[in-house]
Amino acid sequence: MIKSKFLIDKVNDKYFNLKAEKYAVKRYNDDILNGNAEYIELENGLGKAKFELAKAEYQENAEQIKKLSTEVEIYKARIEKLKATLNLAPVKYACNICKDTGYAEGKRCKCYYKYLTQLALESLGVSEPEDADFSSLIQNPKLAKQFKVIKNYADNFPKTQINNLIFSGNVGTGKTELAKCVLTSVKKSDNIALYLTSTELNAIFVKMHTSEVDRNLIFEVLSDADLLIIDDLGTETIYKNVTVEYLLSLVSNRIEKGKHLIITTNLTDKELLQRYNERFTSRILDKSKSLFIPFYSDDFRKLI
Ligand SMILES: [Zn+2]
């Protein structure tokens, strides 16, 4: 079974390859720039102006500082203008936040977790669902209120009024489809959104419990996604000492971290309480952190 070192090495390999790609582009561009007499002259001029500016700053010569600052800016602008005419290869980053270094503001960048998550899910045999879009849903007038609340949550993510949404209702009321719309919308932003059916999540819990996978790593991945969607809670098999315990631990950890959670379920709040324990149910139904959204319609799925 795949262990954490394997995953981490794989992510590091990815950054190494991205860096190598960028380095090749830089080498190509440097050759063009260094063969251009005007560019060399401008770079030398910029270097001198920067040196003189540092000197003026040290001497606290306000007049010179002003003059030389302007000079530096003019050089920079001329260099950029020249570069635009030189057919340089564009530098494209897979992640614009960290520029593919894996670090941003002294911390691991989100893309690190994203790659790690992709690899982790891959290794667990879980695939992501297809993209879904709010605009493709034909709204059921009976569920207009629910639709509005959920769309609003997706549009404002992560600055939502409430972090956790529980979609509760009968089969075929469109809960999963709406959850997938939120997933797609959140994934388009710089946030990491993870979608798992409760059965998939339960299978991961079993693997964590039997140490088939690196428990800490998988727990971190599941806890740190900005949005976690657990679809169809209540359809999984309850494994003693695993299902409820791991669910509680994961959900509590996410709530403590202020992470977002969406649960869809065919169960009512009373049925949730019967199936899981009081601690778990009170956590996910805590009104200060969760919004319970009932879906009651004859057959919403027919309309979408
Ligand atoms: Zn990044």
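This is a predicted model: local features need pLDDT of at least 70, side-chain atom pairs count only at pLDDT 80 or more; totals for chains, interfaces and linings use all residues.
I take buried to mean under 20% relative accessible area, exposed over 50%, and partly exposed in between, with a 1.4 Å probe and protein chains only. By that rule C109, at 3% relative accessibility, counts as buried.

**Conventions**

I number residues from 1 along each chain as its sequence is written, and side-chain values use heavy atoms, with hydrogens and water left out.

**Entry: confidence**

I looked up pLDDT, the predictor's confidence in each residue, from 0 to 100. The protein chain has a mean pLDDT of 88, and 95% of its residues reach 70 or more. For residues 298-304 I noted a pLDDT below 50; this stretch has 17 contacts in the model beyond near neighbours in sequence. I count a contact when heavy atoms lie within 4.5 Å.

**Entry: the chain as a whole**

I took helices (H or I, at least four residues) and strands (E, at least two) as DSSP runs, numbered from the N terminus. The protein chain holds eleven helices and seven strands. Among these elements, the lowest mean pLDDT, 77, belongs to helix α4 (residues 110-123), and the highest, 97, to strand β6 (residues 260-265).

I then checked the overall dimensions. The radius of gyration of the protein chain is 26 Å, whereas a compact globule of 304 residues would have one near 19 Å. That radius is taken over C-alpha atoms, and the globule rule is 2.2 Å times the number of residues to the power 0.38. The C-alpha trace spans about 75 × 45 × 40 Å along its principal axes.

Of the 304 residues in the protein chain, 42% are buried. The chain exposes about 17400 Å², of which carbon and sulfur atoms supply 51%. Accessible areas come from the Shrake-Rupley method with a 1.4 Å probe; for residues, only the protein chains shown count as cover. Among contacts between residues at least 6 apart in sequence, 79% join residues at least 24 apart.

**Entry: the zinc site**

Which atoms coordinate the zinc ion? I found the SG atoms of C95, C98, C109 and C111, at 2.2 to 2.3 Å. Donors are N, O and S atoms within 2.8 Å of the metal (3.2 Å for Na, K and Ca); water is not among the atoms, so sites may look incomplete. In sequence the donor residues follow the spacing C-x2-C-x10-C-x1-C.

Why is the arrangement tetrahedral? The four donor atoms subtend angles of 102 to 113 degrees around the zinc ion, and the arrangement is therefore tetrahedral. The rule calls four donors tetrahedral if all angles lie between 85 and 135 degrees; four count as square planar and six as octahedral if opposite donors are over 155 degrees apart and all others between 65 and 115, and anything else is irregular. C111 counts as buried because its relative accessibility is 6%.

I followed the site to Y103, which is found in strand β1. Leaving aside neighbours within four places in sequence, Y103 is in contact with C98, R108 and C109. Two of these contacts, C98 and C109, are zinc donors. Y103 is partly exposed, with a relative accessible area of 44%. Its C-alpha atom lies 29 Å from that of A84, 19 residues away in sequence.

**Entry: backbone exceptions**

Most residues other than glycine have a negative phi, and most peptide bonds are trans. I therefore listed the departures under this heading.

D100 is not a glycine, yet has a positive phi of about 60 degrees. D100 lies in the loop between α3 and β1 and is buried, with a relative accessible area of 5%.

N87 also is not a glycine and has a positive phi, of about 55 degrees. N87 sits in the loop between α3 (62-84) and β1 (103-104). Is N87 buried or exposed? At 67% relative accessibility, N87 counts as exposed.

A cis peptide bond joins F157 and P158, with omega about 5 degrees. P158 is in the loop between α5 (144-156) and β3 (164-169).

**Entry: two further buried residues**

N202 is placed in helix α7 (residues 198-209) and counts as buried at 4% relative accessibility.

G172 is in the loop between β3 and α6 (175-188) and counts as buried at 6% relative accessibility. The C-alpha atoms of G172 and F295 are separated by 9.6 Å, at 123 residues apart along the chain.
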